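Subject: Structure handover

Hello,

Here is the structure for your files, with the sequence. My notes on it follow below.

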Amino acid sequence: MSNLFGRPPAWSYWVVLPSFVLLWGLVAWFLKTPLLPTPLHVLDTLIRESASGELWHHLSATLGRVIVAFILSMLLGTATGVVMGRSKTTNALFDPMLVLLLNLPALVTIILMYVWFGLVEVAAVMAVVINKVPNVAVTVREGARSLDYRLEEMATVYDFTRWQRFRDVWVPQLFPYLMAATRGGLALIWKIVLVVELLGRSDGIGFQLHLAFQIFDVAAILAYSLAFIAVVQLIELIILQPLEHRSSRWRQPEATHA
């Protein structure tokens with residue numbers, strides 16, 4: 001059981017990724033083609049773009065869209081999921097629309113938003129939100145359905161207010177589902193944002209990838225991609241992983257006794 005719930009060895013984090021970078025470097029050195037630059041060439045491009053300020057400008061533009069779309073998606077998706085999970089009638093009414101939105105390709109949504117509202121920032125963010133809200137709603141709906149009725153009865157007996165019921169009864173039980181929606185949401189949203197920028201914005205990482213693609217600048221494509229991946233990974237390590245550990249902490253004593 002210790003292998004399942006204990007910490008893995010420290011060295012295990014420094015095997016696969018460094019090995020991949022080493023293999024990449026060896027293959028690039030052997031082929032000697034601009035279509036596969038070496039890691040050092042990509043790093044040089046990253047430093048050059050960073051020094052010119054271009055990287056930070058486009059990185060901040062993309063990050064801003066990701067943050068706004070993420071917050072709106074989580075708020076709307078959580079509210080929708082809770083209501084659908086707590087009311088069978090509401091779930092029956094809106095489930096067909098939820099299924100439709102889940103199966104609607106992101107590209108179609110992006111194109112429609114740009115056609116209907118123009119190549120503006122609101123259309124870009126709306127396209128991302130519409131694609132993400134159904135995923136959040138489905139995850140949170142399952143959490144709302146599994147709320148412990150005994151805790152609900154206890155809240156009624158002790159005459160909890162609506163706020164107390166929400167804060168002390170619902171949120172702790174929904175927290176693991178919210179974390180699942182959060183991690184999946186961040187990974188999906190930033191990828192959709194890049195497509196939104198590629199199709200209709202004049203700044204952002206997606207816009208830069210489009211420019212680099214037109215001249216087959218693979219080094220720039222990899223440099224900008226890795227820069228934003230590094231930002232997302234930083235968010236994962238500093239914010240999401242500690243929160244996820246907190247959400248699953250209640251399971252550990254039970255697992256230890258088992």
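A residue is called buried under 20% relative accessible area, exposed over 50%, and partly exposed in between (1.4 Å probe, protein chains only). By that scale Val195 is partly exposed, because its relative accessible area is 34%.

This is a predicted model, in which local features need pLDDT of at least 70 and side-chain atom pairs count only at pLDDT 80 or more, while totals for chains, interfaces and linings use all residues. Residues are numbered from 1 along each chain as its sequence is written, and side-chain values use heavy atoms, with hydrogens and water left out.

Confidence. The average pLDDT (the predictor's confidence in each residue, from 0 to 100) is 84 for the chain, and 85% of the residues score at least 70. Over residues 254–258 pLDDT stays under 50, and there the model has two contacts beyond four places in sequence; contact means heavy atoms within 4.5 Å.

Nonpolar patch. Val195 is found in helix 9 and belongs to a nonpolar surface patch of about 1000 Å². Patches are made of residues with over 30% relative accessible area and no salt bridge, with nonpolar side chains (Val, Leu, Ile, Met, Phe, Trp, Tyr) joined within 5 Å and like charges within 9 Å. A salt bridge is a side-chain nitrogen of Lys or Arg within 4 Å of a carboxyl oxygen of Asp or Glu. Areas come from the Shrake-Rupley method with a 1.4 Å probe, and for residues only the protein chains shown count as cover. Other members of the patch include Leu107, Trp116, Phe117, Val122 and Leu199. Helix 6 (106–117) and helix 9 (162–200) are the elements that give two or more residues to the patch. The largest share, seven residues, comes from helix 6. Helices (H or I, at least four residues) are DSSP runs, numbered from the N terminus.

Arg65. This residue sits in helix 4 (residues 54–86) and is buried, with a relative accessible area of 6%. Its side chain makes a polar contact with the side chain of Glu197 (2.6 Å). A polar contact is a pair of N or O atoms within 3.5 Å; within protein, one must be able to donate a hydrogen and the other to accept it, and residues adjacent in sequence count only if both atoms are side-chain atoms. Leaving out residues up to four places away in sequence, Arg65 touches Glu121, Val193, Glu197, Arg201, Asp203 and Gly204.

Positive phi. Lys32, not a glycine, has a positive phi of about 50 degrees. Lys32 lies in the loop between helix 2 (16–31) and helix 3 (39–52), and is exposed at 61% relative accessible area.

Regards
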